[in-house]
Amino acid sequence: MAQTSAAAPAQGKPKKQKQSPYSGMSKALIRRETISAYCFLIPSLIFFVTFVVVPMFICVFYSFTEYGLGGVKGFAGLENYVKLFQDPIFHKGFLNTVLIVVVAVPTVTAFSLWVSSAIYKMHAIPRSFFRCVFYLPVVTGSVAITVVWKWILDPYNGILNQVAGTSGFDWLGNQKTAIWFIILILFTTSIGQPIVLYVAALGNVDQSLIEAAQVDGATKLQVFWKIKWPQIMPTTLYVLVITTINSFQCFALIQLLTKGGPMNSTMTIMYQVYDTAYRLNDLGYANAIGVILAIIIAIFSAIQFKVVKTD
Amino acid sequence: MKAKTTDLSGSSTGYKVFAAVILILLALFFLFPLYWIVTGSFKDVIEINAKYPVWFPMSPTVDNYARLFENPAFKWLFNIVFISAMAMILTCLTAALAGYALAKKRFIGRAVLFTIIICAMALPKQVIVIPLLQEMTFLHINNTLWAVILPTVGWPFGVFLMKQFAETIPNEILEAARVDGAGELKTFFSVVFPMIKPGIGALAIFTFVNTWNDYFLQLVMLTSDDNWTLPLAIANLQGEMSSDFGLIMAGAALAAIPIVAVFIAFQKYFTQGIAMGAVKG
């Protein structure tokens with residue numbers, strides 16, 4: 001991920017960048033540029049280093065300690081990590097997290113692409129309307145959306161059971177259905193951003209290529225796969241990565257609807273970090289789970305880059 | 001179905017009708033939660049607890065809001081506005097400066113710094129929250145609104161977005177300013193700033209909305225009820241009185257309506273900004 005992105009600005013001026021970013025600059029000029037650049041960067045770096053980088057290192061450090069309510073009790077070595085691999089709750093959380101990601105990410109991506117294809121050629125007003133509507137659950141906020149779904153799914157007072165005639169059925173209290181409702185709600189709060197991105201990307205596809213293909217008798221599907229798809233690939237990649245990260249981080253839904261239950265059937269790695277830290281007060285272990293979560297996200301992102309790039 | 005009448009855009013009429021119907025049904029589905037929050041907040045106890053569907057409040061009441069304001073709801077609303085606004089201002093200020101430097105300065109450590117920023121963006125915020133909380137205690141700002149504001153400003157997405165915008169500034173203009181003898185700060189404020197203004201607008205809305213909705217950070221950082229934010233308060237109220245849906249919907253409406261209004265008013269900048277951030281993501 002980092003490599004691709006760092007390489008991106010180079011595309012703008014390939015001649016200069018191929019030799020060295022500093023070509024044609026004297027040492028004095030480089031020094032002057034460096035000093036002035038860091039003056040501009042300092043305010044931002046203070047926040048970034050203090051509240052992101054330093055906590056990141058502390059987090060890794062704590063993951064190797066035994067750390068409970070009274071503070072750090074001692075060095076634990078790899079104990080927290082070993083415990084993790086034997087912890088049935090972590091296993092369940094891992095499987096659920098993978099399930100959420102594997103179901104939500106392709107669905108969100110395919111669905112948002114379809115909606116965007118359907119609306120991007122519309123007149124500006126209906127296009128803005130639809131884009132706005134699909135973004136609404138994101139803006140409304142995870143808490144407001146979650147509490148209203150809790151009411152919708154309520155066994156007796158919920159509109160779902162009243163309409164479906166299944167009065168008394170507890171969708172969120174059922175081990176089989178709970179996770180699917182979590183995924184459904186996550187889906188409704190996830191497609192807004194991809195649609196905005198795809199509408200912009202499809203609007204930028206080179207129109208002359210499409211027209212040329214149509215003149216040559218290409219079908220709609222051919223135009224899509226041969227012309228549009230390759231051109232919106234960078235957007236697809238970005239959508240995959242942000243949706244993956246979002247799905248991994250889905251928290252409010254689980255904390256407010258099921259707390260990981262029933263019987264850990266909606267437990268996720270993310271929720272286990274919180275639960276272990278704030279209910280069980282096992283901070284060393286919580287940090288270890290956090291580190292593993294970060295590594296899993298990195299691996300997922302890397303796989304997506306590989307798969308999409310080689311396509 | 002009719003034989004395919006393909007127009008220049010390549011879609012048959014049948015498909016267009018099908019797509020329109022599906023889109024409208026989906027739009028209704030996506031609008032429903034917000035509709036249900038707003039109408040629910042005006043329903044009385046009988047309608048809230050009805051065993052049959054009540055699609056619209058037949059005897060609308062503000063009783064739910066009255067009960068909501070028996071709590072310090074204005075304080076909660078103020079807290080979330082304050083947090084979002086401060087995070088927005090600080091993020092825009094620091095990110096504009098840093099984004100410009102990353103885009104336009106050839107300095108030592110640039111590639112490394114940019115790589116670190118990209119990697120940090122993929123990191124789940126929640127992972128670092130335990131050390132973050134301790135830092136806040138160390139800085140004596142734990143359980144204050146600043147404990148939510150400062151980590152939000154540290155998040156590197158803003159820098160990334162502003163870099164994307166600053167890259168569109170032509171180098172010649174910066175050269176010209178330098179030749180004219182403008183200092184670094186003067187160049188930034190009189191040349192760079194006006195050119196990245198749309199980007200700053202996008203970042204402002206984006207930060208405001210995201211901070212407003214960053215439930216996790218608020219949950220962990222704000223522990224006493226006079227520091228609660230409105231979303232956090234609703235979540236906590238729901239935990240305490242889970243069946244009083246009228247009260248909870250009133251809270252949800254109060255938390256959602258301002259932010260939805262902000263979003264609709266500035267929709268143009270917002271969508272532009274999100275799209276811009278992805279161009280080279």
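Two residues are in contact if their C-beta atoms, placed from the backbone, lie within 7 Å.

## Model and confidence

This is a predicted model, in which local features need pLDDT of at least 70, side-chain atom pairs count only at pLDDT 80 or more, and totals for chains, interfaces and linings use all residues. Residues are numbered from 1 along each chain as its sequence is written, while chains are lettered from A and ligands numbered from 1 in the order in which they are written.

Among the elements of chain A, the mean is lowest in helix α1 (residues 2-7), at 37, and highest in helix α9 (residues 178-188), at 93. Helices (H or I, at least four residues) and strands (E, at least two) are DSSP runs, numbered from the N terminus. Over residues 1-19 of chain A pLDDT stays under 50, and the model has 18 contacts beyond four places in sequence for this stretch.

## Helices α10 and α13 of chain A

The axes of α10(A) (residues 192-203) and α13(A) (residues 233-249) come within 10 Å and cross at roughly 175°. Axes are lines fitted to C-alpha atoms, for helices over the stretch in contact, and angles run from 0 to 180 degrees between N-to-C directions. The crossing therefore makes α10(A) roughly antiparallel to α13(A) (an angle over 145 degrees).

On the α10(A) side the contact is made by Q193(A), P194(A), L197(A), Y198(A) and A201(A); they meet T235(A), Y238(A), V239(A), I242(A) and T243(A) of α13(A). By class, this contact has 7 nonpolar, 3 polar and no charged residues. Ala, Val, Leu, Ile, Met, Phe, Trp, Tyr, Cys and Pro count as nonpolar, Asp, Glu, Lys and Arg as charged, and the others, Gly among them, as polar.

## Strands β1 and β2 of chain A

Strand β1(A) (residues 65-68) and β2(A) pair in the antiparallel sense over 4 bridges; pairing requires at least two bridges found by DSSP. A hairpin through 2 residues joins β1(A) to β2(A), and E66(A) stands opposite G74(A) in β2(A).

Of the 5 residues of β2(A) (residues 71-75), 0 are buried, so the strand lies largely in the open. A residue is buried if 20 or more other C-beta atoms lie within 10 Å of its own, exposed if 12 or fewer, and partly exposed in between, with C-beta atoms placed from the backbone.

## Helix α6 of chain B

In α6(B) (residues 129-138) the buried residues are V129(B), I130(B), P131(B), L132(B), L133(B) and M136(B). H140(B), which follows α6(B), has a positive phi, near 60°.

How values were computed. Parallel < 35°, antiparallel > 145°, perpendicular 65-115°, else oblique. pLDDT = per-residue confidence, 0-100.
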